[in-house]
Amino acid sequence: MIRRGRGPSFRVQLLNVAGCAIIATSRALGAEPAIADESASTHASEGRAEQQFREGLRLAGANKLDEAARVFLRLTQEYPRLSEPYVQLAAVYQRQGNSQRAIGALRSALTLQTDPARLQEQLGDLYLELAAQAYRTAVESQNATDGARQKYSALEALTERVGR
C-alpha cells in the first residue's frame, strides 16, 4: 500500500507499484514480452489495462480519490484476476478513511494469491490502525479503563518501533 511520509518518496512508490502492475498485467493475461505470437486482442487488452491502471495512479497521486477509486473498481471488474487494482483500490479507500472497504479490497486481492505475504502485512496494518483508533477513542472517553490505556500504549509503542 502506498504510504506518505516515511520510506521511499510517494513518486518512487507509485513507480514501483506501476512497474509491478505492468508485469502482473502481462503475466495474468498470459503475455510475455519475448513471445512474438501474441494475439492482437490480448495485446490491446493488456494495453488498455495498463493505461487504465496508470490513469488510476495519476488520479490518486493528484488526490482525486473518488475518480481513482472508480478507475480501480472498473479494473477489478474488467480484469478480476489482477491483484494490483484491488491493492490500489484498498490504498485509495484507506486514504478516504474507509478502512472497511480497504479491508474488503485487500481480501479480494488475497484470493488471487499473487503475493499473500505482502497483502497479509497490509491487511495487518489496516487492522492495527483500526485497533489504535478504537483504543484511542476508549482512552479519550470519560470512563477509560486501565486495560484500554495499556493496550493503546502498547499499540503506540509497536507502531513507533516498526516505523509506521
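Hi everyone, let's start with the surface: this protein exposes about 9,700 Å², and carbon and sulfur atoms supply 51% of that. Those areas come from the Shrake-Rupley method with a 1.4 Å probe, and for residues only the protein chains shown count as cover.

A word on the source before I go on. This is a predicted model, where local features need pLDDT of at least 70 and side-chain atom pairs count only at pLDDT 80 or more, while totals for chains, interfaces and linings use all residues. Residues are numbered from 1 along each chain as its sequence is written, and side-chain values use heavy atoms, with hydrogens and water left out.

Now the fold. The protein has seven helices and zero strands; helices (H or I, at least four residues) and strands (E, at least two) are DSSP runs, numbered from the N terminus. Of its 164 residues, 37% count as buried, and here buried means under 20% relative accessible area, exposed over 50%, and partly exposed in between (1.4 Å probe, protein chains only). Among contacts with a separation of 6 or more, 49% come from residues 24 or more positions apart, where contact means heavy atoms within 4.5 Å.

Let me take you along the chain, beginning with a loop. N63 sits between helix 2 (40-61) and helix 3. N63 is not a glycine, yet it has a positive phi of about 65°. Is N63 buried or exposed? At 51% relative accessibility, N63 counts as exposed.

Next come helix 3 (residues 65-78) and helix 4 (residues 84-95), whose axes come within 9 Å and cross at roughly 155°. Axes are lines fitted to C-alpha atoms, for helices over the stretch in contact, and angles run from 0 to 180 degrees between N-to-C directions. Helix 3 and helix 4 are therefore roughly antiparallel to each other, a label for angles over 145 degrees. And who makes the contact? From helix 3 we have L65, A68, A69, F72, L73, L75 and T76, and from helix 4 P85, Y86, Q88, L89, V92, Y93 and R95. By class, that is eleven nonpolar, two polar and one charged residues; Ala, Val, Leu, Ile, Met, Phe, Trp, Tyr, Cys and Pro count as nonpolar, Asp, Glu, Lys and Arg as charged, and the others, Gly among them, as polar.

Last stop: D115, in the loop between helix 5 (99-110) and helix 6 (116-140). D115 is partly exposed, with a relative accessible area of 30%. Its C-alpha atom is separated by 8.7 Å from that of S83, 32 residues apart along the chain.

Notes: Parallel < 35°, antiparallel > 145°, perpendicular 65-115°, else oblique.
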